[in-house]
Amino acid sequence: MSKGRFGIHGGQFVPEALMNAVNEFEEAYFKYKDDPEFVAELDFLMR
């Protein structure tokens, strides 16, 4: 998250112990959000 959530101050309000998980989640989100196969399976499962 290059810009952060707190305006000019940047940063995230996340405990340090969770930062690795947050970074992994963000990486996976950007990898799969536009994958048609993944989106189709997610749509199917959300019915």
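Visitor: How many helices and strands does the protein chain have?
Guide: This is a predicted model. The secondary structure of its protein chain comes to 2 helices and 0 strands.

Visitor: What percentage of the residues of the protein chain count as buried?
Guide: Buried means under 20% relative accessible area. The protein chain has 47 residues, and the share that count as buried is 6%.

Visitor: Is Val-39 buried, partly exposed or exposed?
Guide: Val-39 is found in helix α2. Its relative accessibility is 30%.

Visitor: Which geometry do the rings of Tyr-29 and Phe-30 have?
Guide: The structure holds 2 aromatic pairs. In the pair of Tyr-29 and Phe-30, the ring centres are 5.2 Å apart and the planes stand at 70°. Planes over 60 degrees apart count as edge-to-face, so this pair is edge-to-face.

Visitor: And which geometry do Tyr-32 and Phe-38 form?
Guide: Their rings are 5.6 Å centre to centre, with 40° between the planes. Stacked needs under 30 degrees and edge-to-face over 60. The pair of Tyr-32 and Phe-38 is tilted.

Visitor: Is Phe-30 buried or exposed?
Guide: Exposed means over 50% relative accessible area. Phe-30 has 51% relative accessibility, so Phe-30 counts as exposed.

Key:
Residues are numbered from 1 along each chain as its sequence is written. This is a predicted model: local features need pLDDT of at least 70, side-chain atom pairs count only at pLDDT 80 or more; totals for chains, interfaces and linings use all residues. Side-chain values use heavy atoms; hydrogens and water are left out. Helices (H or I, at least four residues) and strands (E, at least two) are DSSP runs, numbered from the N terminus. Buried means under 20% relative accessible area, exposed over 50%, partly exposed in between (1.4 Å probe, protein chains only). Rings of Phe, Tyr and Trp (its six-membered ring) pair if their centres lie within 6.5 Å; planes under 30 degrees apart count as stacked, over 60 as edge-to-face and the rest as tilted.
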